[in-house]
Amino acid sequence: MIVANRKSLEEILTMLKPYKKVLLLGCNECVTVCAVGGEREVGVLASELRLARAKEGEEIEVREQTLERQCDHEYIDQVRPFVGDYEVILSMACGAGVQYVAEKYRSKVVLPAVNTTFLGVTLEQGVWLERCQGCGECVLHMTGGICPVARCAKSLLNGPCGGSSNGKCEVDKELDCGWQLIIDRLKELDQLDRYEEIIPVKDWTPARDGGPRKRIREDLRL
Amino acid sequence: MRLSYPTNVKIVKVPCTGRVDILLILRAFESGVDGVYLAGCLEGECHFLRGNLRAKKRVQYVKGLLEEVGLGSGRLEMYNMSSAQGQRFAEVAREMTEKIRVLGPSPVKRRGDRSKVKG
């Protein structure tokens with residue numbers, strides 16, 4: 001899922017300085033899984049905002065609402081009946097959600113409460129790790145299911161660099177060398193011959209490097 | 001044992017401190033309480049195995065939130081005691097009351113105004 005980090009309370013309070021009536025929108029998908037913007041976290045942030053303002057002797061009204069997703073029209077539409085009552089929308093969704101809400105409610109200021117970071121997986125409750133960079137041209141079949149783009153700090157495509165030491169990356173001693181992981185895995189799968197197959201220079205145009213992307217399925221369009 | 005403890009301590013009974021959610025603690029402070037403490041089983045002796053350890057982590061987390069908000073982490077504490085330790089219960093009640101008395105009333109306290117607490 002998309003993993004994000006909550007912005008600091010200080011930063012959020014600064015963004016909310018001019019406002020007294022806030023619609024706080026959570027999202028029931030990715031940000032719920034990584035415990036940063038789901039119903040619980042909406043409750044906690046709303047509480048923090050009220051406490052912080054009350055401490056200064058100031059008022060704030062926070063409406064807590066968690067939508068199923070903020071990346072689909074139908075769900076964002078659900079706040080239409082009452083969105084006019086609020087001065088600002090503070091969204092805890094990923095960047096995609098925040099932007100979609102802003103696109104829908106053009107006359108409203110929409111603020112981000114989280115910093116969207118990576119596409120990742122849950123290692124254990126409370127720990128999330130990056131696994132995919134959305135490069136648009138998956139090579140996982142050639143590397144035993146481990147991504148050289150996301151898991152190698154330099155996104156090398158044909159083996160480790162000189163900085164790989166004892167299976168760790170020179171960038172961070174806690175970070176596994178992506179290519180060490182790939183080689184180990186290819187050995188396990190008895191596919192070490194794949195290591196000898198050269199992956200050619202990557203065409204980055206299907207990645208973000210080629211500009212904002214779009215995907216269309218004509219057969220689904222009404 | 002009929003030991004007395006300060007009257008300003010309001011007890012909320014839970015089956016295990018692991019039941020205490022961070023939102024419960026935050027909402028308590030929102031409603032104007034001056035301090036909150038959790039009294040859980042002795043570590044290693046949680047009736048539900050690890051509930052008191054979860055509570056300990058949550059208390060640490062909320063202490064951080066309270067610092068951010070400006071209320072200060074001193075208003076929230078975790079204590080451990082066995083249910084047989086009546087003396088300790090009273091002692092902790094007195095200790096926490098004194099601690100909060102020194103810190104003073106909560107800056108978010110509003111006299112008689114509970115209308116802002118959202119359920």
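Biologist: How many residues of chain A are in contact with chain B?
Modeller: Eleven residues of chain A are in contact with 14 residues of chain B. Contact means that the C-beta atoms of two residues, placed from the backbone, lie within 7 Å.

Biologist: Which helix gives the largest share of that side of chain A?
Modeller: Helix α3 (residues 39-55) of chain A, with ten residues. A helix here is a DSSP run of H or I, at least four residues, numbered from the N terminus.

Biologist: How do the residues on that side of chain A divide by class?
Modeller: Five are nonpolar, two polar and four charged. Ala, Val, Leu, Ile, Met, Phe, Trp, Tyr, Cys and Pro count as nonpolar; Asp, Glu, Lys and Arg as charged; the others, Gly among them, as polar.

Biologist: What kind of model is this?
Modeller: A predicted one: local features need pLDDT of at least 70, side-chain atom pairs count only at pLDDT 80 or more, and totals for chains, interfaces and linings use all residues. Residues are numbered from 1 along each chain as its sequence is written, and chains are lettered from A and ligands numbered from 1 in the order in which they are written.

Biologist: Why is α1(B) called oblique to α2(B)?
Modeller: The axes of α1 (residues 22-30) of chain B and α2 (residues 51-69) of chain B come within 10 Å and cross at roughly 45 degrees. Under 35 degrees counts as roughly parallel, over 145 as roughly antiparallel, 65 to 115 as roughly perpendicular, and the rest as oblique. Therefore α1(B) is oblique to α2(B).

Biologist: Which residues meet there?
Modeller: I22(B), I25(B) and L26(B) in α1(B) meet R58(B), Y61(B) and V62(B) in α2(B). By class, this contact has five nonpolar, no polar and one charged residues.

Definitions and conventions: Axes are lines fitted to C-alpha atoms, for helices over the stretch in contact, and angles run from 0 to 180 degrees between N-to-C directions. Helices (H or I, at least four residues) and strands (E, at least two) are DSSP runs, numbered from the N terminus.
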